[in-house]
Amino acid sequence: MYKIAVFNRICEKGLALLPDENYKLTGEETNGAEGILVRSAKLHDLEMPDSIRGIARAGAGTNNIPVIECSNKGIVVFNTPGANANAVSELTILGLLLSSRKVYEGIEWTKTLQGDVEKKVEKGKEQFAGPELKGKTLGVVGLGAIGVLASNSGIKLGMKVIGYDPYVSVKNAIGLSWDMKYAENIEELLAKADYITLHLPLVKETTEFINKEKIDKMKDGVKILNFSRSSLVNEDDVINALDSSKVSKYVTDFPTEKILKNPKAVCLPHLGASTPEAEENCAIMAVSQLKDFLENGNIKNSVNFPNCSLDRNPGTVRITVINKNVPNMIGALTGVLAKYHINIIEMVNKSKGDYAYNILDVSGFVTEENLYEIRHIDGILRVTYLP
């Protein structure tokens, strides 16, 4: 029986993948749990029991999870890249329109009208005029699943699209419209774009990616959209640019007290993935990945360990090993198995940064003594036996 702690509300279609006869959902109680399902709940102050093997986040960002601490304890952290991509890309299209046509301001003004409304509308509508998107240049920073959809949508709207992502995958590159231009460097995109939309993960290298230095390289009157993470921009620098009209509009899904006060900022209440379709996709993906990991040791879409999977070999049992990525780990591991006459039928080893992961299908009698000896090899973080 696997115990899963569930933080936040996870779509029932996802939870339905965990059959009652094999899984018990424990609410936010983590003692004895092997897995955690979470959306936005902050887990940084959570005392992680040794029983936790995996955490699946129903969404792309994992800044609410102590990833480094989890890595050091051999806890695999999963996310669901692409599951909410369509929802966020659709909101990006809305953001483009909101940044151009002063729709939001016009709605608020219209609500104040009394008396001869029709006459006042015709007289006052001029103040809310704004440019069309067609023919303008859209700069897409970050060409992951969302960035690809946003780029292709821009093309379909008649925009010229420039994309930038030094780490774009082959899969995502293939999905891009043929007439999107790829910028060799960020400076080229900043100088040419009338609209800039951010679709980056929040990591050390991208924190305050948009700052005064980059804003100074942009066109006067540029419009910036941020549907990724608030900390991708230096908020003070953006506000100063709005006040000087260097940036004519900032549309963000991450309101703060400071940015809300600026009349040129349009703030949405973090609606990016708030569609029933996205919530369902994220839940199914998160649950499926966690379930496959707990039952079979397969890893897909982990932010701290490598993708690593192996079909089960009939007549074998499975051992998975998480270790620091240092020399001679394979030799030490296989040495213990050879000592106890345990035969390796098939093995796969993958590494990612400072960590490595191993799946071994073995024949022979595996005892707690064998596993104990493996666990006490210097550099081993976690050993799991999957009969």
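The model is predicted: local features need pLDDT of at least 70, side-chain atom pairs count only at pLDDT 80 or more, and totals for chains, interfaces and linings use all residues. Residues are numbered from 1 along each chain as its sequence is written, and side-chain values use heavy atoms, with hydrogens and water left out.

**The five-stranded sheet**

- Five strands make an open sheet, ordered β2-β1-β3-β4-β5, with parallel pairing. Strands are DSSP runs of E of at least two residues, helices are runs of H or I of at least four, and both are numbered from the N terminus. Two strands pair if DSSP finds at least two bridges between them.
- The edge strands are β2 (23–25) and β5 (76–78); each has a single partner strand, so one side of each lacks a neighbour in the sheet.
- From one strand to the next, the twist averages 20°.
- Strand β1 (residues 2–6) runs parallel to β2, joined by three bridges. Tyr2 stands opposite Tyr23 in β2.
- Helix α12 (residues 276–296) lies across β1, β2, β3 (35–38), β4 (54–57) and β5. Its direction is at about 165° to β4. Axes are lines fitted to C-alpha atoms, for helices over the stretch in contact, and angles run from 0 to 180 degrees between N-to-C directions.

**Thr26, in a loop**

- Thr26 sits in the loop between β2 and β3.
- Leaving out residues up to four places away in sequence, Thr26 touches Lys3, Ile4 and Ala5. Contact means heavy atoms within 4.5 Å.
- A polar atom of the Thr26 side chain lies 2.6 Å from the backbone oxygen of Glu29.
- Thr26 and Phe128 are 102 residues apart in sequence; C-alpha to C-alpha, they are 53 Å apart in space.

**The seven-stranded sheet**

- Seven strands form an open sheet with parallel pairing, in the order β8-β7-β6-β9-β10-β11-β12.
- β8 (181–182) and β12 (265–267) are at the edges; each has a single partner strand, so one side of each is left without a neighbour in the sheet.
- Strand β11 (residues 247–252) pairs with β12 in the parallel sense over three bridges. Val251 has Val266 in β12 as its bridge partner.
- Helix α10 (residues 235–243) packs on this sheet and touches β11 and β12. Its direction makes about 135° with that of β11.

**The cavity**

- There is one cavity of 30 Å³ or more. A cavity is a set of points on a 1 Å grid, over the protein atoms alone, where a 1.4 Å probe fits but cannot get out; lining residues have an atom within 4 Å of a point.
- The largest cavity has a volume of about 40 Å³, the space filled by probe spheres set on the points.
- Its lining is Arg53, Phe293, Thr320, Ile322, Tyr357, Arg382 and Thr384.
- β13 (317–324) and β16 (380–386) each supply at least two residues of that lining.

Methods. On a 1 Å grid over the protein atoms alone, a cavity is a set of points where a 1.4 Å probe fits but cannot get out, and a pocket is an open set with protein on both sides within 12 Å along at least five of seven lines; lining residues have an atom within 4 Å of a point. A polar contact is a pair of N or O atoms within 3.5 Å; within protein, one must be able to donate a hydrogen and the other to accept it, and residues adjacent in sequence count only if both atoms are side-chain atoms.
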